[in-house]
Structure formats: structure tokens, C-alpha cells
Amino acid sequence: MTLTSGRYIGHEQDRGIVQFSMQDGGKEIACAVSTSAMDYLERGPQARPDQREAQFTRLRDRIEACAASKYRATEFEGTPPGIVLRSIDFRG
């Protein structure tokens, strides 16, 4: 169960998330990270909607490491099951 980078899917401003995927071999895993979690990681002002993809790219390694950890712990949410990352996942 080793996850690798997948694809950036997009920013959903109304839901306050950035969707992306990761790969477990040939299986695509749906993932999302809250925009508030990304802002928390950067400890700066809130990014504008048109800055979210660049922000995700800057933080991608940390976001994907956290997603991989939740995947190994089988902490899935939703239907179909996926990985959701929030600010609390990056604390500690």
C-alpha cells in the first residue's frame, strides 16, 4: 500500500476544498484537502481562489504525505470512500 502522486483535480470554492488524487498501483484514490488546512500550513494570509492550484503545488509533498498516512490507517470518508484532510491532520 504505497501511494504515489496522482493528479490535481481542482478547487471547489463553495465547499472550501481542493480535490486531487493519489495512486495505489493502478487504483486511483480520491482525496481532498480543505483550503483552511492549506492556509494553516503556510501560516500566511488566506490565498485567493485563483491562487489555490499554485498553493497546492507548493504544499503538495506535505499534503500527499499526510494523505498517505491516513490511507495506511484506513481513515476513509464519504461515498465512494476517499481521504479528506483538515487543519487538525497537520497539527502535532
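Biologist: At its relative accessibility, does Phe 56 count as buried or exposed?

Modeller: Phe 56 has 0% relative accessibility and therefore counts as buried (buried is under 20% relative accessible area, exposed over 50% and partly exposed in between, with a 1.4 Å probe and protein chains only). This is a predicted model, in which local features need pLDDT of at least 70 and side-chain atom pairs count only at pLDDT 80 or more, while totals for chains, interfaces and linings use all residues. Residues are numbered from 1 along each chain as its sequence is written, and side-chain values use heavy atoms, leaving out hydrogens and water.

Biologist: How many aromatic pairs does a search of the whole structure find?

Modeller: There are three, where rings of Phe, Tyr and Trp (its six-membered ring) pair if their centres lie within 6.5 Å, with planes under 30 degrees apart counted as stacked, over 60 as edge-to-face and the rest as tilted. The ring centres of Tyr 8 and Phe 56 are 5.5 Å apart and the planes stand at 50 degrees, so this pair is tilted. Because Tyr 8 belongs to strand E1 (residues 3-12) and Phe 56 to helix H2 (residues 52-72), the pair ties together parts 48 residues apart in sequence; helices (H or I, at least four residues) and strands (E, at least two) are DSSP runs, numbered from the N terminus. Tyr 8 itself is partly exposed, at a relative accessible area of 22%.

Biologist: Which residues form one aromatic cluster?

Modeller: Tyr 8, Phe 20 and Phe 56 form it, and both Phe 20 and Phe 56 are buried.
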